[in-house]
Amino acid sequence: MRILHFFITRIFLKRWILVLGMILLLFLANYLSFSATRSIISTAQGYQEIETFNREGNYIANLNPESEADFDRIDIKETRKLYEYLNNNHTYALQADGFTTSLENEHDMEVSFNYINEEAYQLNQFKLAQGDQLKFDYQFKQDDIPVLIGGGLASTYPVGSKIEITDPVTQQAVDLKVQGVLEKNTHRSNFYAPNSKNYYNFSVIVPVNEPFIQNAGLDLHLNGLMDIVLLDSTKEEATKLNEQIQNNLGLDFNFFSQQENFKYFEDYYVSSLKMISAITLVLLVVIVCLATWNTLISVRLMIKDFTVNLLVGLSYSKLRTIFYSYFAILFSINLVILFAITAFNRYGFWMRKDSIFATYGVFGLISMDWIAFLGVLLIDVIIGVMIVELALKKIKGIPISVGVLQ
């Protein structure tokens, strides 16, 4: 420990400003690597999840961003007629998220009501921690509506319990019966950005059938249209539906296959990854050069003390161990800071009661976070080996006699 302390204080930290700069650059490189790795993992999960929609004959709607939409002029009678047309002429998957309401729970989280029809439910195949899958053959206004709840609500509303509440989209008092509990961190990825997710830990999944839709308000009707998926359809039928929407609601929709959505996403996502990768690579090269140069300069400045240590028994193998220990300490400091920032960020969603991003995990971190940390650790190990071996190679070229003469 004494020799390690000597090398750290008298040699490695001889120029502490350079060391501080190297630590900052290393943290920036680690942060970019971590963010990119986590994004890639999230994207891969999104692709896998959405792949069930990526079939020939499936067309996903989205509002044309170049069109002018006047939602104030839309009458609910028109949207009801449109859904009647959909029910009579198309098979479609409907899922609308994000209708928040106050529902008592132990974490005081705002609860999100998410609505899904049977076709979308069959494609999503939610995994349950307990209970049974949803049923869609209930009689609206007569039967209790079976629902699934997120893992964060399970202790307050166990399977079989009833919830009396005013439904956010029908504005009617309804009785909900908890049919099952979703696995923790169940989520839904965005059709147009698979790396983006909404988590269902504090959500209520409500099954909707035709009577429910007809009793719902404009919010559900319009939000349902934004991501509606035509199943086993054709481009001509999708175009015809768009004409119906334009004629009745004055809205212009695009209908693309999921493969087209993937391609659009990849066009800008891949270019962003390339830019981040290039910046990270440049930073890592600078770090290797800066760390090696700083070490060599510090050794030359302390050549007399360094030579004496070599003469009294310090071997190059022990010197290698010291070098690895020093850089392991530096890299560990960066990883601890990165871990703290990530954990604080995850914890921040709980503090802000942001239910759609609140997740469960060790220190609040989920699997993609841990995998990304392993990726950063691997990069740091490679960089550390390069710095140490390059520095030792250069040091071995310094004649000991120079240090003795000085």
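Reader: How many salt bridges are there, and what makes a contact count as one?

Author: A salt bridge is a side-chain nitrogen of Lys or Arg within 4 Å of a carboxyl oxygen of Asp or Glu. By that rule the count is 6. This is a predicted model, in which local features need pLDDT of at least 70 and side-chain atom pairs count only at pLDDT 80 or more, while totals for chains, interfaces and linings use all residues. Residues are numbered from 1 along each chain as its sequence is written, and side-chain values use heavy atoms, with hydrogens and water left out.

Reader: Why is the contact of Asp97 with Arg188 called a salt bridge?

Author: The N to O distance is 3.2 Å, and the limit is 4 Å, so the pair qualifies. The two residues are 91 apart in the chain, with Asp97 in strand β3 (residues 95–101) and Arg188 in strand β9 (residues 187–189). Strands are DSSP runs of E with at least two residues, and helices are runs of H or I with at least four, both numbered from the N terminus.

Reader: What separates Asp267 and Lys263 along the helix?

Author: About one helical turn, because the two are 4 residues apart in helix α8 (residues 258–301). Elsewhere, salt bridges with shared partners join Arg38, Arg346 and Asp369 into one network.

Reader: What makes a space a pocket, and what volume does the largest one have?

Author: On a 1 Å grid over the protein atoms alone, a pocket is an open set of points where a 1.4 Å probe fits, with protein on both sides within 12 Å along at least five of seven lines. The largest pocket has a volume of about 510 Å³, the space filled by probe spheres set on the points.

Reader: Which residues line the largest pocket?

Author: There are 14 lining residues, with Glu49, Asn124, Gln125, Lys127 and His187 nearest the centre; a lining residue has an atom within 4 Å of a point. Helix α2 gives the largest share, 3 residues.
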